[in-house]
Every structure is written in structure tokens, then in C-alpha cells.
Amino acid sequence: MNDERRKNHKLRALFDEAYRRLEYCFEARPRQGLPVEWVVYRAARAAYPQLSSLDLFQFAVASSRVHRSRHRQPGHLAY
């Protein structure tokens, strides 16, 4: 049985490189309380214009999840 959840192979192939390229978005504080996913979405759209809106949304959400898992802070609840 194949337990692979990832169905978007095009985005998966691009994910690691795109995450490294756009990781700076997570370090900067978004202005005016904007969600960091919105900032990542906009930066990814500029860097990868060939991606669809759905691909960009999936990348923003997945990269946010990866960033949180790699930068856990003791005493903070997962969200």
C-alpha cells in the first residue's frame, strides 16, 4: 500500500528549492499584521509565475508548516 499523500508532483519537485529561496519571508515580520502565508504567496508568485493560484496557496501553507516544524520554540503550542 502506498501511503504517499502528495499528489502534486510538479510542486513537490520544486518545493525544496523554492523553500530555500523564500525562507527569508518567515524571518521578516509582515507589516500591518499580514499573515506570513500571504507574504510567502506573493513572493512565490513573483519568483514562480508558472505556478497556478492553487499551487501557490499549497506552497504557502506547506512551507509555513515546514518552517514551524524546523523552528519550534520550547513552551509554545503547535498551531
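Asp 55 counts as buried, at 5% relative accessibility; buried means under 20% relative accessible area, exposed over 50%, and partly exposed in between, with a 1.4 Å probe and protein chains only. This is a predicted model, in which local features need pLDDT of at least 70 and side-chain atom pairs count only at pLDDT 80 or more, while totals for chains, interfaces and linings use all residues. Residues are numbered from 1 along each chain as its sequence is written, and side-chain values use heavy atoms, with hydrogens and water left out.

What is the partner of Asp 55 in a salt bridge? The partner is Lys 10, and the closest N and O atoms are 2.9 Å apart. By salt bridge I mean a side-chain nitrogen of Lys or Arg within 4 Å of a carboxyl oxygen of Asp or Glu. Lys 10 belongs to helix α1 (residues 9-22) and Asp 55 to helix α4, so the pair ties together parts that are 45 residues apart in sequence. Helices here are DSSP runs of H or I with at least four residues, numbered from the N terminus.

A search of the whole structure finds two salt bridges. Arg 12 and Asp 16 form one of them, with their closest N and O atoms 3.9 Å apart. Both residues lie in α1, four residues apart, about one turn of the helix. Arg 12 is partly exposed at 34% relative accessibility, and Asp 16 is partly exposed at 37%.

Let us stay with α1. Its 14 residues should span 20 Å at 1.5 Å a residue, and the end C-alpha atoms are 20 Å apart, which agrees; the expected span is 1.5 Å times one less than the number of residues. At Phe 15, α1 bends by about 50 degrees, the bend being the angle between axes fitted to the seven residues ending there and the seven starting there. Among the buried residues of α1 are Leu 11, Phe 15 and Tyr 19. The cover over the buried residues of α1 includes α2 (24-27), α3 (36-47) and α4.

Arg 21 is also in α1, and it is partly exposed, with a relative accessible area of 45%. Leaving aside residues up to four places away in sequence, Arg 21 touches Ala 47 and Tyr 48, where contact means heavy atoms within 4.5 Å. Arg 21 and Ala 43 are 22 residues apart in sequence, with their C-alpha atoms 9.7 Å apart in space.

Finally, I return to α4, which covers residues 53-70 and contains Val 61. Val 61 is partly exposed, with a relative accessible area of 32%.

Conventions: Helices (H or I, at least four residues) and strands (E, at least two) are DSSP runs, numbered from the N terminus.
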